[in-house]
Each structure stands twice: as C-alpha cells, then as structure tokens.
Amino acid sequence: MASVHVLRAVPKREPVELHSQAMDNLRVIRDTMERAGSFTGVPGWGGVAMGVSALLAAAVAQVQYPSVERWFLTWVLEAVVALAIGGFAMELKARSVHMSIFSPPGRKFALSFCPPLIVGALVTFVLYRSDVPNLIPGMWLCLYGTGIVSGGAFSVRIVPVMGLGFLALGCAAFFSSPVWNDAYLAAGFGGLHILFGVIIARRYGG
Amino acid sequence: MAKQSALRKTPNEIGQFDRLIHEPMRLRIVSALAAAPSLSFSDLKKLLRTTDGNVSVHARRLEEAEYIACTKSFEGRMPKTEYKLMPVGRRALEKYLDHMEAIIQAAREK
C-alpha cells in the first residue's frame, strides 16, 4: 500500500547578494589587518633608541646633584625626547606595513597608554612642589609600566611583560634608598627598553 | 590603474576573482601578513583565533602558490616557523580588494 507524503513547500534561503558578501570580505580584511598591525606595532628599534637616550640622561642627571632642579629638568627633557623617539618609531613601523599610526588600533593603544602618563605628569608636578622629589622615580617607573601593560594588552605577550618589568623596578625604587634612584631609572628606561627593544625588533620585524 | 580597470568590469567579469585567497581563512592569513612584517605560526594562530591544523593547511596552500614564504628555524631548542607575505601575495590581495570594491561599485550603480 502506498504511503501518503505530505508535500510542503521548502522555505527558500535568500541568496546572499554578491555585493553584501564583498562588503563582509572587506570588513574581514580590514579587521584582520588592524589587529595584526596592533599586534606587532610596538617599535623594537625605537625602544632601543629610547633606552640609549635614557642611559645618557642618567649619566647627565648623576652629575647634576646637589641641584635637584637640574636633575629634575634633565629627566623631564629626557621624557620629551623619549616620547618623540617612540612616536616617530611607531610611525615608521606603521608606514613600513602601509598602516597609519592613527588607525583604530593605534588610537586604542594611545587611549590605554596615555592616561597613566597624564596622571604621571600631574603627580610629578605635585610631588616636586611638595618637596618630595625622591618619590618621583618610583612613580614614573610604576605609571609608565602601567601604561605599557594596558596599552600592550592587545599586542604580543612580550610587551605587557616589559610593562611588568617597569612596575617591579618602580616598586623596588619606592622601598630603596633615594641614592639608587638614578640607577633604577637607568635600569628601567635604559636597560628594559634596550633589552625588550632588541627582542621585539628581532622577533617582530623592527 | 589596476583599480580603475577592475572598476570598469561587469559583475560577471568581477565574479572571476582569485579563488585561492577567497577562502576565508586564507584571506585572513594574507590580510594579517599584509599588516605585519612577519608573523610566527603561534602568533598567527593566536591572532586568527584558530587551530594549528587550520593555519598549517591553509598556509601551505598559500606557500605553494608563492603568496607567502615560510622559514623554519630554532629558538633555543624550540622550532619556530615564521611567515612573510611575498610580493605575489601582496599583489593578489590588492587585486582581490579591487574586485571587492568593483562589486560594491557595480551594485551601487544599479
């Protein structure tokens, strides 16, 4: 005996339009390129240059004592020079892979990295005016480390690890004698930048 | 120039795009390598949030077409595989982008 099959119209799937698929593909390309750019956008050789300038600044700052003003001015100038080197190196690295430093990943990095630096500048001013400049080096290292850890959260693992190195040195500086302050600054802004800069440059293309 | 010629194509002609990088995972590999000087196997896997097998299979296809170059070395005792986009691959991606733009342009002109 023949069985009876109920015929039901199979709901037709709407075909995906070619242009909508093209837009999806462009979105995939853009997102992937942005993530890859932020992934390796931290400049290694720029870090090395920043480290070298910090070592020079440490040597100059050391001979400025007992003038706290001149010691302070030396490190403030070094901060300006280092930021300029870092920004220029990031721009060069971004250009080498046809990306812009102002692309969304670049902005994301800046938004995570800059707030601790702004706080650092403010606290520097307060500590300097309150006659406790001995606390400034530890605070600089800690807040710079915080910026690197948060800014580097979307980058290769070595970047936040470098930030943790700065944090560790900053904590050590807080609990050490102030005579070691320049040594801590040289070890952090000089040594860590050079060490991690070389690693990043060799592993992540400059 | 290439972009303009792609924009002048009809939708049927536009349909003839590079099948090798049209596959989503291969397209993402090529795009990632276009934005970084080079990437290791593990970084690529992490970036694309995929499996070892997926990266390996699709990267090999791209390598066979000379779109990407693969170098193997040792870092201490650990083997390290590094991928880099080749000029052929960059041109293929640019051409593919032109095709995608042409498709969108054609749809807008309808």
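By salt bridge I mean a side-chain nitrogen of Lys or Arg within 4 Å of a carboxyl oxygen of Asp or Glu. Quick caution: this is a predicted model, where local features need pLDDT of at least 70, side-chain atom pairs count only at pLDDT 80 or more, and totals for chains, interfaces and linings use all residues. Residues are numbered from 1 along each chain as its sequence is written, chains are lettered from A in the order written, and side-chain values use heavy atoms, leaving out hydrogens and water.

Okay, the interface itself. In chain B, 28 residues are in contact with 24 residues of chain A, contact being heavy atoms within 4.5 Å. The two chains bury about 2300 Å² between them, with 69% of that on carbon and sulfur atoms. Buried area here is the accessible area (1.4 Å probe) that two parts lose on being put together, summed over both.

Where do we find a salt bridge, then? Over all chains, the structure holds three. In one, the side chains of A:Arg27 and A:Asp24 meet at 2.9 Å, N to O. Both residues sit in helix H1 of chain A, residues 18–40, three residues apart, which is about one turn of the helix. Helices, by the way, are DSSP runs (H or I, at least four residues), numbered from the N terminus.

Definitions and conventions. Helix = DSSP H or I, 4+ residues; strand = E, 2+ residues; numbered from the N terminus.
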